[in-house]
Amino acid sequence: MSYAVKEIFLTLQGEGMQAGRRAVFLRFAGCNLWSGREEDRADAICRFCDTDFTGMDGENGGRYEARALADKVATLWGKSESPLVVITGGEPMLQLDGALIAALREHGFEIAVETNGTLPAPAGIDWICVSPKAGTEVVQRSGDELKLVWPQQDMDPAALLSWDFRHFLAQPMDCADAQGARAAAIELVMRDPRWRLSLQTHKVLGLA
Ligand code: SF4
């Protein structure tokens, strides 16, 4: 199988419990909750996306076989110590499979994923971050961190706390009312200390 990749780049993880770590980001093309086209946004299941995941025209984007993709990720990492890849999208579970996981393992990579949770995660992933979207059926209800972009209409944060995650993060939505979103996320954490605030530090730092 070959993989449609939007972009691959070396950066710092900006969000969640792993914020601040050096990581190669592997962004797959495509998502099952939005086409990625602005004209479709109003009718999409997920309408607040802040990511360009369409096509294969980004940095190091293209179509890859498993071994070639793992080799590219390793080349971008460029070191032997503590290699970390964050596989994202789009929705990575549309494409991530055992062959790519095995190929990344051969290079010694710790494998993290960021998913909307509507598709099950394959075995062999070290760090699963699920970011649930209102109005979807989340099947991946276990993992390492649940990252709730907040506020979202028709989403009950209290219900999420029964899912099997080590960390529960509230992250202000990147939207026109950024100040209101920050206030709402802070209010959620202050109301229930099982939540922890997550900020998109890569945007503050001007990183990709
Ligand atoms: S699920 Fe994630 S990648 Fe897909 S449209 Fe929503 S925010 Fe974007």
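User: What sits over the ring of Trp 77?

Analyst: The charged end of Arg 22 does, 4.5 Å from the ring centre. Keep in mind that this is a predicted model.

User: How many aromatic pairs does the structure hold?

Analyst: There are 6 aromatic pairs. Take Trp 34 and Phe 53: their centres are 5.7 Å apart with 85° between the planes, an edge-to-face pair.

User: Where in the chain are Trp 34 and Phe 53?

Analyst: Both Trp 34 and Phe 53 are in the loop between strand 2 (22-28) and strand 3 (62-65), 19 residues apart, and the pair links distant parts of the chain.

User: Is Trp 34 buried or exposed? And what about Phe 53, buried or exposed?

Analyst: Trp 34 is buried, at 6% relative accessible area. Phe 53 is buried as well, with a relative accessibility of 2%.

User: Back to Trp 77. What kind of pair do Trp 77 and Phe 109 make?

Analyst: The ring centres of Trp 77 and Phe 109 are 6.4 Å apart and the planes are at 75°, so this pair is edge-to-face. Trp 77 is in helix 1 (residues 66-77), while Phe 109 is in the loop between helix 2 (98-106) and strand 5 (110-115), which puts them 32 residues apart. Trp 77 and Phe 109 are both buried.

User: Which residues do ring pairs link into a cluster?

Analyst: Phe 165, Phe 168 and Trp 195 are linked that way.

User: OK, switching to salt bridges. How many are there?

Analyst: The count comes to 16 salt bridges. One of them joins Asp 57 and Lys 6, with the closest N and O atoms 2.5 Å apart.

User: Why does the pair of Asp 57 and Lys 6 tie together parts of the chain?

Analyst: Because Asp 57 lies in the loop between strand 2 and strand 3 and Lys 6 lies in strand 1 (residues 2-12), the pair ties together parts that are 51 residues apart in sequence.

User: Asp 57 first: buried or exposed? And Lys 6, buried or exposed?

Analyst: Asp 57 is exposed, with a relative accessible area of 62%. Lys 6, on the other hand, is buried at 4%.

User: What about the salt bridge of Glu 38, which residue is its partner?

Analyst: Arg 41, with the closest N and O atoms 2.9 Å apart. Glu 38 is exposed, at 52% relative accessible area.

User: And which residue does Arg 141 form a salt bridge with?

Analyst: With Glu 137, where the closest N and O atoms are 3.7 Å apart. Arg 141 counts as partly exposed at 38% relative accessibility, and Glu 137 counts as exposed at 55%.

User: Let's look at Gly 58. Where is Gly 58 found, and what is Gly 58 in contact with?

Analyst: Gly 58 is in the loop between strand 2 and strand 3. Setting aside neighbours within four places in sequence, Gly 58 is in contact with Lys 6 and Glu 7. Gly 58 counts as partly exposed, at 24% relative accessibility.

User: Last one: where is Pro 151 found?

Analyst: Pro 151 is in the loop between strand 7 (142-150) and helix 3 (157-160), and is partly exposed at 36% relative accessible area. Leaving out neighbours within four places in sequence, Pro 151 is in contact with Met 173, Ala 181 and Ala 184.

Definitions and conventions: Residues are numbered from 1 along each chain as its sequence is written. This is a predicted model: local features need pLDDT of at least 70, side-chain atom pairs count only at pLDDT 80 or more; totals for chains, interfaces and linings use all residues. Side-chain values use heavy atoms; hydrogens and water are left out. Rings of Phe, Tyr and Trp (its six-membered ring) pair if their centres lie within 6.5 Å; planes under 30 degrees apart count as stacked, over 60 as edge-to-face and the rest as tilted. Helices (H or I, at least four residues) and strands (E, at least two) are DSSP runs, numbered from the N terminus. Buried means under 20% relative accessible area, exposed over 50%, partly exposed in between (1.4 Å probe, protein chains only). A charge sits over a ring if NZ of Lys or CZ of Arg is within 6 Å of the ring centre and within 35 degrees of the ring normal. Contact means heavy atoms within 4.5 Å. A salt bridge is a side-chain nitrogen of Lys or Arg within 4 Å of a carboxyl oxygen of Asp or Glu.
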